Amino acid sequence: MASSCSDEESDISDSEIKDYKEKPLEELKSGKFKVKGPNGTLRCPFCAGKKKQDYKYKDLLQHATGVSKGSANRSAIQKAKHLALAEYLETDLVNEAEPQPLRVTPPAVADTSEQNELYCWPWTGVVVNILNETKSGKAVDSSAFWLNKFSKYKPLEVKVFWDDECQIAQAVVKFDNDWIGFRNAMEFEKSFEGDHHSKKEWIDQKTNSASGIFGWSARADDYYSEGPIGKYLRDTGELKTVADLVKEAVNDRNKVVANLTNEIDLKNENLNKLRTKYNEKTLSLSRMLEEKDMLHRAFCEERRKMQRLAHDHVKKILDEQEKLNSELDSKKKKLDYWSKELNKREALTERERQKLDEEKQKNDMRNNALQMASVEQRKADENVLRLVEEQKREKEEALKKILDLERDLNAKQKLEMEIEELRGKLEVMKHLGDDAAVQKKIKEMTEELNEKVEEMKSVEDLYQTLVTKERQSNDELQEARKELISGLSEMLTRGRAHIGVKRMGEIDPKTFEGECKQRYPDDYDYKALELCSLWQERLKDPDWYPFQIVRVDSENHQKILDEDDEKLRELRSEWGENIYLAITMALKDIDEYNSSGRYVVSELWNFKDDRKATLKEVIGFIFKQLKTLKRKR
């Protein structure tokens, strides 16, 4: 299609649309553009990119008419092509139209002069020569009487006008302003013509004393007549011809068709956008699920690796313990052998006997020492095994709780994704229409969405329970760290070991000794202790908080030391950079590890890496120390 109009690419003005339509109309008639599909459906050859390409005759005609008249986002070329398509459908493919439903149409009029005859609109009838028959008992002055009398013509209202003497009256009968009302007004007029009481007979007999009532449909002469009838018609209606009303009805219908066509096009465009968003959301959710599966596989692999390493480590410890026990047994056997040999030499001289006694006492002392060492070794081994078992049990419980949290988190994420997917589908269904099937589907999807939301709430409650248990486990681990700090403080004193106990937030007095030696050579040690105590007390002051929060990026913030703090500036200027760094380091440690209490706390520390030591590193260090102790014994 693009090649057929390549020389027409320069857009045309709206005034040239009707002239430009001739060329595409000829191409449609010659068969260059196909409108009928192979299965009998109709398609728009000028909207090839649209998803919808199977139209009924009525829908395709509405589409072509709407684009040619109303779409503001269409070019003039497109409007001209769709105008040609509408004309082609109305002339060459009219046999493809579906049978139209019956509807009320304007009644046929005898000739053109009657079509151009002016009527009072809304349709109105006139009744004259109404006599006040009080003796007959008829309430002719009541509108209800005349509504009942002319009920078969379905009047809406009857207005009665009496003369000054209340003897003769005239009436105006109002009908519906549609074609059914026009038909009823004509039948009303014909009923009087059949009784020879029409307007013509009324005019002919007006000079004579006429009997009975006369009636007709109000026209231009009644509209401009003098008296209450003419004034009422001018106040409540206007003059229109049948041709004018037919033309207005056709114009109104065309406007409604064009508006509905535009609305359908907008609905289709919105639906396509929603489908695109739905596809993007689905693709994003699929990617998230793939990433989650990858993370889960990596976690499982890392967990298996940790379990294998822990098993090998425990096995190695048990093997070494068995080896040490065997060595201890062999030494005990040697001592027993030496004891027996000493007993055999009791017959030696007194000196030799004394030497033997002394040697025997030494051996006994060594034997007792070895027995005590064996007992201590057994206790240490039992403590180590107990610590290993407790660590293994706590690690398994922590891993189990982590897995439960991850499983619940995965279930929660899956429910969230299902809820979002249901909401997207529900939003799409709301734009599909208002028919019963769509409303039923929307109701089902809403119920399913509510069930998913309830399930989401239960999962969140379970997740909170698991988080509470995880916090309890974390508290137990912290208690274990405190027990290690308090019970093994002698073994974990720093010395040259890389694992030990560090007092977080404590200032070392040696920090001030170098500077105090220069300023106070006589009592520098006392002055250093005094300054250390002064600044240690300042660190405990909760009102002194030399930190500030700064923004790192649009979402994250970071806490940094406020170097413009008055006390810190005085410290740096008076005592130099080394003491300033030591004080600020202690300040950062106490803010990190005990910001609420502001007092010094002990912490297991890896001095080699200058960080907090893990329980695994501390227990490994204890095992190493026990091995060293065994070798010394």
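The questions below turn to the chain as a whole, then to one pair of helices, and then to one residue.

Trainee: How many helices and strands does the secondary structure of the protein chain come to?
Mentor: Please keep in mind that this is a predicted model. Of the 633 residues in the protein chain, 32% are buried, and the chain exposes about 41,700 Å², with carbon and sulfur atoms supplying 49% of that area. Its secondary structure comes to 18 helices and 11 strands.

Trainee: Are H2 and H4 roughly parallel or oblique to each other?
Mentor: Two packed helices are described by the angle between their axes and the distance between the axes. For helix H2 (residues 22–30) and helix H4 (residues 76–91), the axes are 8 Å apart and the packing angle is about 45°. Angles under 35 degrees would count as roughly parallel, and H2 and H4 are therefore oblique.

Trainee: Is Glu603 buried or exposed?
Mentor: Glu603 lies in strand E10 (residues 601–606), and, beyond its neighbours within four places in sequence, its contacts include Arg481, Lys502 and Lys612. Buried means under 20% relative accessible area, and because the value for Glu603 is 10%, this residue is buried.

Terms used. Residues are numbered from 1 along each chain as its sequence is written. This is a predicted model: local features need pLDDT of at least 70, side-chain atom pairs count only at pLDDT 80 or more; totals for chains, interfaces and linings use all residues. Side-chain values use heavy atoms; hydrogens and water are left out. Axes are lines fitted to C-alpha atoms, for helices over the stretch in contact, and angles run from 0 to 180 degrees between N-to-C directions. Helices (H or I, at least four residues) and strands (E, at least two) are DSSP runs, numbered from the N terminus. Angles under 35 degrees count as roughly parallel, over 145 as roughly antiparallel, 65 to 115 as roughly perpendicular and the rest as oblique. Buried means under 20% relative accessible area, exposed over 50%, partly exposed in between (1.4 Å probe, protein chains only). Accessible areas come from the Shrake-Rupley method with a 1.4 Å probe; for residues, only the protein chains shown count as cover. Contact means heavy atoms within 4.5 Å.
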